[in-house]
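Please go through the model shown below by way of questions and answers, with each answer set out step by step.

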Amino acid sequence: MMVLTQTAINYAEAMYEAGFTKAQLADVRTAFSGCPYLGKLLSVPVIPLKEKFAAVDEIFSGEAANLVKLMCENDCISQILLVCDAYDELLKAKSMQAQAVLTCVNPPDDKQLEKIKKFICKKQGTDSADIVIKKDPDILGGFIIQCGDTVYDRSLKGRIEKLRRNLVGEVD
């Protein structure tokens with residue numbers, strides 16, 4: 001699990017206010033995660049800022065370049081991926097998007113997935129839902145939806161287990 005720093009959160013909030021886009025964020029994340037030496041190179045104190053800025057301009061454009069330059073200037077470029085993570089978290093919080101895990105034997109088709117999203121949005125009181133789909137043949141059929149601490153078990157395995165508990169007199 002990631003631990004966000006206050007610096008990363010502050011940059012993410014400034015990016016949000018400046019209208020930073022997901023595409024720009026993806027460019028920054030791809031460059032720094034794909035080439036770990038980029039962050040190390042940009043944090044070397046003996047390299048003049050002017051040369052770092054020239055390199056940044058070769059790689060990035062627009063707001064992405066401005067962000068990287070600012071972080072170089074403030075000696076916190078080592079936190080660039082944390083800033084990306086903080087921005088993702090901020091966007092999720094601002095959009096009020098429900099996060100859910102759908103466990104199923106076979107992935108739902110588009111129509112079923114849309115119904116599941118509507119169900120999650122209604123239950124969570126949000127406008128949209130981001131669903132991660134996990135395949136698990138052990139549930140035998142149906143599905144399980146987990147939103148935070150809430151679990152909606154509509155799996156065949158869950159129904160069989162509930163029937164078994166009812167037959168032997170176990171209480172939920």
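## Confidence, sheet and a buried lysine

This is a predicted model, in which the mean pLDDT of the protein is 89 and 97% of its residues reach 70 or more.

Q: In which helix of the protein is confidence highest, and in which is it lowest?
A: Where pLDDT is low, the predicted coordinates should not be read in detail. Helix H6, residues 80–95, has the lowest confidence in the protein, at a mean of 86. The highest confidence, at a mean of 95, belongs to H4.

Q: What is the order of the strands in the open sheet, and which strands stand at its edges?
A: The open sheet has 4 strands with mixed pairing, in the order S2-S1-S3-S4. Strands with a single partner are left without a neighbour on one side, and therefore the edges of the sheet are formed by S2 (128–135) and S4 (150–155).

Q: By how many degrees are neighbouring strands of this sheet turned against each other on average?
A: For this open sheet of 4 strands, the average is taken over neighbouring strands with direction ignored.

Q: Which residue takes a positive phi in the hairpin of S3 and S4?
A: The two strands pair in the antiparallel sense, and their hairpin has 2 residues between the strands. The positive phi, near 60°, is taken by Gly148.

Q: At about what angle to S2 does helix H7 run?
A: Helix H7, residues 110–124, lies across S1 (97–104), S2, S3 and S4. Relative to S2, the helix runs at about 125°.

Q: How far from Lys52 is the nearest side chain of opposite charge, and which residue carries it?
A: Lys52 is found in helix H4, residues 49–59, and is buried. Leaving aside neighbours within four places in sequence, Lys52 is in contact with Leu41, Leu42, Ser43, Val44 and Ile47. Lys52 has no salt bridge, and the nearest side chain of opposite charge lies 5.4 Å away, in Asp75.

Key:
Residues are numbered from 1 along each chain as its sequence is written. This is a predicted model: local features need pLDDT of at least 70, side-chain atom pairs count only at pLDDT 80 or more; totals for chains, interfaces and linings use all residues. Side-chain values use heavy atoms; hydrogens and water are left out. Two strands pair if DSSP finds at least two bridges between them. Axes are lines fitted to C-alpha atoms, for helices over the stretch in contact, and angles run from 0 to 180 degrees between N-to-C directions. Contact means heavy atoms within 4.5 Å. Buried means under 20% relative accessible area, exposed over 50%, partly exposed in between (1.4 Å probe, protein chains only). Lys and Arg count as positive and Asp and Glu as negative; His and the chain ends are not counted. A salt bridge is a side-chain nitrogen of Lys or Arg within 4 Å of a carboxyl oxygen of Asp or Glu. pLDDT is the predictor's confidence in each residue, from 0 to 100.
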